[in-house]
Amino acid sequence: MNYSRLFHWMDRKLKISKRLKETAIIYVMFLMVSMRKHSMDAAATFSGSSKSRFSKFLKNHSNLAEIKLDQLSKKQAKRFGKNLRFIADGKLCWKIGILIDSTLQKRSSLHSENVKRFNHGQGFVIGHQWTNIVLFINDVLIPLPPIAFHSHGYCREHDIPYKTEHEHVIEYIESLNLYDYIGPHDPKKVVVLADSGYDNKMIENAIVRKGWIFIFALKKKRSVKSEKEYENLPKSDWRRVEQTFKNHRRVKWVTVYVLKNRPGKKKRMEFRIRQIMGYLRYVGKAQLICSEFKKRPNGRRKYLACNDLKATPRQILVGYRIRWEIEIFHKMIKMLQGFEDVAPKYFRSVVAHVHWVYCAYILLNSNLPGMPTTVKSMTEKQKFVEQAIKKKTISHYLQLLSRFNGVDQLKSELQQALDAPFPLQTLVI
């Protein structure tokens, strides 16, 4: 594949006006290749232009990035929605997965817009929080437009009503129309997966109202009842899920084997699970699962809830493990596509950068023209794009040699390329 073919392919995918087309496509192309750091300086070196070209583009056209991500995600979903398969190679009873999780975009100081200190595990992290909602169709992950968390100060400055992350997620679920993404479908074939951070009765009820299935990890303090307790105990008397399973010790443990597709490690993992039918407080009837690693029986236990009463305990466990795909997505965009590398002052520039990163992720996972079917990993796809860009540079140098005094011009440009931080990936426009 040559550079011209790649450029025109991206032009057809993005469909951007002539005034912004070149800058937008070059910036997305820059995010699609491997860089030590995807900063504005690196983008300027990559394109052979100025840093201000891209900083102004991000600041003044954040709406364009949001629109293009929405369009790309719908196109990608419709492509796979024509022939939906059951998740996990037919081992589960659902065809569409909706994965919910948040990630932090680290910043170096608190002086930029909408920066806040977040308590993240072992300490505080300074930066922005993004809640990602992605589709998982035919074992392919498709990012939807993310939810940006706005701090109290940012809301006051821009006259925006403050909302918690859970309130944003509820609104997102209620307004999400899957028909625009995959066309006609059975709501019972849609499963929503999330960890215990989203164990919220309002979120779960919003999913139930849509007719979807949810598999959520429960907090240990979550109030539940077994079927027997629901019939015999007073309505106000609920038990913690941890205590409920202690009260049902007679329920036998069942061993479940889950295949592991990572190379270089054991092919399967062994879990043991216990399952009881019960009720989630303020939500309704659900299957309750207690899971733990079989070889570490006294280790950390996970409590799951699923409102699909026909699903088997193994399907619930395997379904919840698919949620790990969004963690891999976070890792890919941070390590390979510069999710955290941009450092502008204005938050709208950050919004534009994040949306263009997701656009680059979707394009890399599309059928790039001329790319062999054997290319699977993100790094191999990035190398494939880099080869097309290098061919553009070589063609430019050959053209220089054909000019009058071309040898001196070629020496001058080669010296500039050697002096640049990323000489092999400098694109001459």
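Tutor: Let's start with Leu 72, which sits in helix α5. Keep in mind that we're looking at a predicted model. Is Leu 72 buried or exposed? Its relative accessibility is 4%, and buried means under 20%, so Leu 72 counts as buried.

What does Leu 72 touch, once we skip its neighbours within four places in sequence? Its contacts are Lys 13, Leu 14, Cys 359, Ile 362 and Leu 363. Take Leu 363 from that list: 291 residues separate Leu 72 and Leu 363 in sequence, yet their C-alpha atoms are 8.3 Å apart in space.

Lys 13, another of those contacts, also belongs to a positive surface patch, together with Arg 5, Arg 12, Lys 15, Lys 75 and Arg 79. Helix α5 (62–81) and helix α1 (3–14) each give at least two residues to this patch. The largest share, three residues, is from α1. Arg 12 is a patch member that lies in α1. With 52% relative accessibility, Arg 12 counts as exposed, because the cut-off for that is over 50%.

Now go on to the loop between α5 and β1 (96–106), where you'll find Leu 84. Its relative accessible area is 19%, so Leu 84 is buried too. Again leaving out neighbours within four places in sequence, Leu 84 contacts Lys 95, Ile 96, Ile 137, Asn 138 and Ile 182. As for Trp 94, it is ten residues from Leu 84 in sequence, with 9.9 Å between their C-alpha atoms.

Conventions:
Residues are numbered from 1 along each chain as its sequence is written. This is a predicted model: local features need pLDDT of at least 70, side-chain atom pairs count only at pLDDT 80 or more; totals for chains, interfaces and linings use all residues. Side-chain values use heavy atoms; hydrogens and water are left out. Patches are made of residues with over 30% relative accessible area and no salt bridge: like charges are joined within 9 Å, nonpolar side chains (Val, Leu, Ile, Met, Phe, Trp, Tyr) within 5 Å. Accessible areas come from the Shrake-Rupley method with a 1.4 Å probe; for residues, only the protein chains shown count as cover. A salt bridge is a side-chain nitrogen of Lys or Arg within 4 Å of a carboxyl oxygen of Asp or Glu. Lys and Arg count as positive and Asp and Glu as negative; His and the chain ends are not counted. The place of a charge is taken as NZ of Lys, CZ of Arg, CG of Asp or CD of Glu. Helices (H or I, at least four residues) and strands (E, at least two) are DSSP runs, numbered from the N terminus. Buried means under 20% relative accessible area, exposed over 50%, partly exposed in between (1.4 Å probe, protein chains only). Contact means heavy atoms within 4.5 Å.
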